[in-house]
Amino acid sequence: MSIQLGNLCSVILEQHFGANVQKIGQELYTGGKTLRGLMKTTMLSKNEVSQALSVLLKFRLATYEMSANKAYAEYSLSSDQILQILRYPRYIYYMQSKYGHTAALLVEELLRAGCETASYLISKSVQNSESKEKNTVVEHRDKFFELIQGNFFIRAIVGEKAEELTEAVSNNASLLFQRPEIDVQELVALQEGKNLPSTKDAGIYWHVNYEKFHQHFRDAILCQAIERRVNSNASECVRYLLQSMYLRTDPWKSSSNPIPFGEIRSFCEKQSNNLELIRYLEQYIAVIVDDPLMMLSKYSDAGGGQYVVQMRRKMSIQLGNLCSVILEQHFGANVQKIGQELYTGGKTLRGLMKTTMLSKNEVSQALSVLLKFRLATYEMSANKAYAEYSLSSDQILQILRYPRYIYYMQSKYGHTAALLVEELLRAGCETASYLISKSVQNSESKEKNTVVEHRDKFFELIQGNFFIRAIVGEKAEELAEAVSNNASLLFQRPEIDVQELVALQEGKNLPSTKDAGIYWHVNYEKFHQHFRDAILCQAIERRVNSNASECVRYLLQSMYLRTDPWKSSSNPIPFGEIRSFCEKQSNNLELIRYLEQYIAVIVDDPLMMLSKYSDAGGGQYVVQMKKVFEQLAWVCIENTIMEKFGAKAARIFRVVRMKKYIEQEDIQKEAMIPSKEAKQLTYKLLEEHFLQIHTIRKAGSSGTGPAKCFILFYVNQTQIVMLLMETCYKALFNGITRSNYDSSVNRRLIDKSQRLESVVEAMKERGESEEYIMDILETLTPPEREILEKVKIRIKNLYSAEIGLDETLFLFQMYQFYQAEKP
């Protein structure tokens, strides 16, 4: 919740509802409060506070939650709903353009009322219309029914029967769009100003369904985007694609179920008069599939082709291929098949059996593996009859980071910690007792002291938040509820008996252990926090020096005392606290002596990692995570362009980025590059989607030809990051595939080499002569040695490239995370 958002909400409430509602809104914006608490902080009377709250609740701008003993209610503000007030004219305009003047009057009246019964809404709408005839009343009633049928109006769950209605709706959502009984005679009577004791639809209230409007606005954005990038025919094609999608998929799903090409063609032929679109439909779909927006992906070739609409653009073909090859490499063919099916969207157990042609047992085993390793999630249906499974592609990509997690543990916490992390990564989810016993088995020593050492190291990793409690098992719901109130329960030490560990170590079968049922995962988030901090320290070290890098480390430690580690910007950090950290933890006298100057250098650095908040108490500083990752993403993009197209192309890119919008003629002047070469490089960057164009029609001209409009070049950072992430996915897929191919083709040679190495090791332990050992080694011929050496070098280079690509991918993921985070 930012200050700017709070100010905006405050001014909107004052403009539309007055000073009292504004005061209550300002108080609720800082957090939930009771009626008594609001009276105390606003100095308003009980009646004034109650009236303001009733307005907020009527317009869905606030919510409330009763206490456990039903003694009082706590009210909270809905800032998103307040911002929708700014969209009211847009809702009315949409109704006017699509459904006519009567529909616009009804929507306008309901937006003004907030919540109203159908009879009173229609009567007020007729009063605001030009005609007051009975036919007008019938027309307004019929239009009201049409808007309910179109889901633009939704039943409000209010009144005495709210709980009953909520329960009924949970089993049958269509009740929210059920027509009320409306008597035309009552409408006419209300129109004539008569006071009726009641109407047939009394107690049945209605809201405007913002979600339906937003669905249409979202679809318009998609159509307009494709029209700008391709043409109006492609935009019309997208409209029919979306209509086909809604027949088989929830409109707000991140990706649709597969849509047959025949169905899309059927929509076009029935609804469109555009012969060019119908004739070249297949080509237009192919263009949309290949477009960098990644709106559409091909699912299969069955029945002329099946396509999936991807609302979340990161669900790309390249990412799907990468996830597939990772799953196959680590878990086998069955898990890969299930993963491929779940990648396109959520599916049930029965649906997976049908599409993969695997048995129920095979599908269940594959799903259990995915769930155990947190590579999939599930959601129960409303009646608990079945579960729908979804794939977590981000979690699958983290498998590539496993060696990095282990290396970090080895370097920071020692060999024992690395063994524990490695074992838990291999198990996915395990109890502490069994994890420690397996870790001890893999260590060199099997003494009792080793067991104690591993147990203490396990506790240390829990304390450091590197291991996190898994919410699984019979008591999962109870634990989830407890954790929502106290997150520290996720890092609470389990009770571990050393005698039980020793017994497990000796191979005894224990009926149970003291920590049975308490499972643990590796907490990836904690590792990623350290990797992110390392990126920041390394960036500052390259740009300034090692002292500045050390200063950043203490800054981040200070930040974590007062701010969530994943916030886009920290709370203000006093200079005295940073100095205190340095003096306590650092032996670097130069850093302590010139600390203020180093902080000033970091503040002035173009990375914009640090900004000065105020001069109070020697200065207060704010760490800007969002800004620094924006700048690091720019650096990475420019380096990519430099390597791919050369220094002049990078200069053109920087000019466009600096100017924001610039014409072709100005680019060559600003970049100081000859005209012909500048044009070639500019259009090469445009072709590779590093630059975009925006056309502005000249005054008094029609059409969009070059002579009739201004063509401006600009840079879209988010789109370029998506493009480079796609390249990373593709490169990782190719690298893993090539590495697997080399290993499989030379499997016999690799196995022979490994067997020889083990034999030679055994001979050395027995004290065999060097001559005899050399005779054994010579069984591997020189040509075989040469091939083996080449294969090993190639696999090693591919692995190094894989690590580098993952580091780049991690940087872009951090950029996306902070861009997506709400302030």
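In which helix do Lys790 and Glu786 both lie, and how many residues apart are they? The legends below take up this pair and some other close-ups.

**View 1. Lys790 and Glu786 share helix H40.** Both residues lie in helix H40 (residues 782-820), four residues apart, about one turn of the helix. Helices here are DSSP runs of H or I with at least four residues, numbered from the N terminus. This is a predicted model, in which local features need pLDDT of at least 70 and side-chain atom pairs count only at pLDDT 80 or more, while totals for chains, interfaces and linings use all residues. Lys790 forms a salt bridge with Glu786 (a side-chain nitrogen of Lys or Arg within 4 Å of a carboxyl oxygen of Asp or Glu), and their closest N and O atoms are 3.7 Å apart. Glu786 is partly exposed, at 48% relative accessible area; buried means under 20%, exposed over 50% and partly exposed in between (1.4 Å probe, protein chains only).

**View 2. Lys124 meets Glu116 in a salt bridge.** Their side chains come to 3.4 Å, N to O. Look at the two partners in turn: Lys124 is partly exposed at 31% relative accessibility, whereas Glu116 is buried at 12%.

**View 3. Glu688 and Lys684 form a salt bridge.** The N to O distance is 3.9 Å. Glu688 is partly exposed, with 24% relative accessibility, and Lys684 is partly exposed too, with 35%.

**Notes for all views.** The salt-bridge count for the model comes to 37. Residues are numbered from 1 along each chain as its sequence is written, and side-chain values use heavy atoms, with hydrogens and water left out.

Terms used: Helix = DSSP H or I, 4+ residues; strand = E, 2+ residues; numbered from the N terminus.
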